[in-house]
Amino acid sequence: GGVFKSNVHKRLGPSKLRPMDFSDRKGYMRGVVRKILHDPGRGAPMMEVQFRHPTKYGKVTELMVAPEGAFTGQYLFMGSKAPLAIGNVLPLGKLPQSTVICNVETKVGDRGRVARASGDCAVIIGHNPDTGRTRVKLPSGLKKSINSKCRAMVGVIAGGGRMEKPLLKAGNAYFRYKRKKNGAWPRVRGVARNPVEHRHGGGNHQ
C-alpha cells in the first residue's frame, strides 16, 4: 500500500449517491432521511438515507453528504422524474439553467465526486442538447462540461461558513496544522531570518 496511512478509525464511510439503476433512469425512487450524523475529519454533516431494495424485500441504507436544510424524516427523491426540490437527485439534463447543485457526478454512475465539502455548490450554466452535455461552474470557478446523464443533488452542502470563525489562540492553530501533511506551523517570516536562510533575511534587527 501507500506510505501514508490515513486515520479513519471513527469515520462513518465514503459519501455516495444511490447506485444508478432502472428506476433511477426511467422514474424515481423515494428515500427517507433517517439520521443526520457528524463525520470526524469532515466539515460537512452526513445523512443516512433509507431506500427500498430495488429487486427484493428489504431496505438499503446509503450514506451521503447532507445538503443545507435536510432534516430527519424528510423524503428524498432520486431519478429522472424526481421533482425539483432541495435534497433531490436528478440528472443534470433535467435541471434548469442556474440551478444550484452539489454532490455532482463527473462520469455517469460514479455516485458523486464534485462539490462535496462543507458549504460548497456548483451552478448549471447551460445545456447542449446536440452533444448531450451540460456546462457546470465548479466551486473553484472552473467551468466544466459534463455528460447530461450525470446526476447531482439540488442545493448547497451544509456546514458552510466553517472558516469564518477565528482561531482565537495559538493552540488552535497548532492543532489545526498538526495533522496536515505539509502545513508548517509556526511559520517564521523571511525578514526575521539570516541572509543565508532567506532572500529577505539580514538587516539590523527585527
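Here is a short walk through this structure, from its overall layout down to a few individual residues. Please keep in mind that the model is predicted.

Let's begin with the fold. The chain has two helices and ten strands. Of the contacts between residues at least 6 apart in sequence, 56% join residues at least 24 apart.

Next, the overall dimensions. The radius of gyration is 22 Å, whereas a compact globule of 206 residues would come out near 17 Å. Along the principal axes, the C-alpha atoms fill a box of roughly 75 × 40 × 35 Å. As for burial, 33% of the 206 residues count as buried.

The structure holds zero disulfides. Cys102 is in no disulfide, and the nearest cysteine sulfur, in Cys121, lies 8.0 Å away; for comparison, a disulfide needs the two sulfur atoms within 2.5 Å. What about Cys150? The closest cysteine sulfur to that of Cys150 belongs to Cys102 and is 15 Å away, which means it is too far for a bond. Cys102 is buried, at a relative accessible area of 0%, and Cys150 is likewise buried, at 0%.

Where does Ser98 sit? Ser98 belongs to the loop between strand 5 (89–91) and strand 6 (100–102). Its phi is near 60 degrees, a positive value in a residue other than glycine. Ser98 counts as exposed because its relative accessibility is 52%, and the cut-off for exposed is over 50%. Arg111 also has a positive phi, near 70 degrees, and is again a residue other than glycine. You will find Arg111 in the loop between strand 6 and strand 7 (122–128).

Towards the other end of the tour comes a cis peptide bond, which runs from Trp185 to Pro186 and has an omega near -5 degrees. Pro186 itself is found in the segment after helix 2 (170–178).

How values were computed
Residues numbered from 1 in each chain as written. Predicted model: local features only at pLDDT ≥ 70, side-chain atom pairs only at ≥ 80, totals over all residues. Heavy atoms only, no water. Helix = DSSP H or I, 4+ residues; strand = E, 2+ residues; numbered from the N terminus. Buried < 20%, exposed > 50% of the residue type's maximum accessible area, 1.4 Å probe, protein only. Rg over C-alpha atoms; globule rule 2.2 N^0.38 Å. Contact = heavy atoms within 4.5 Å.
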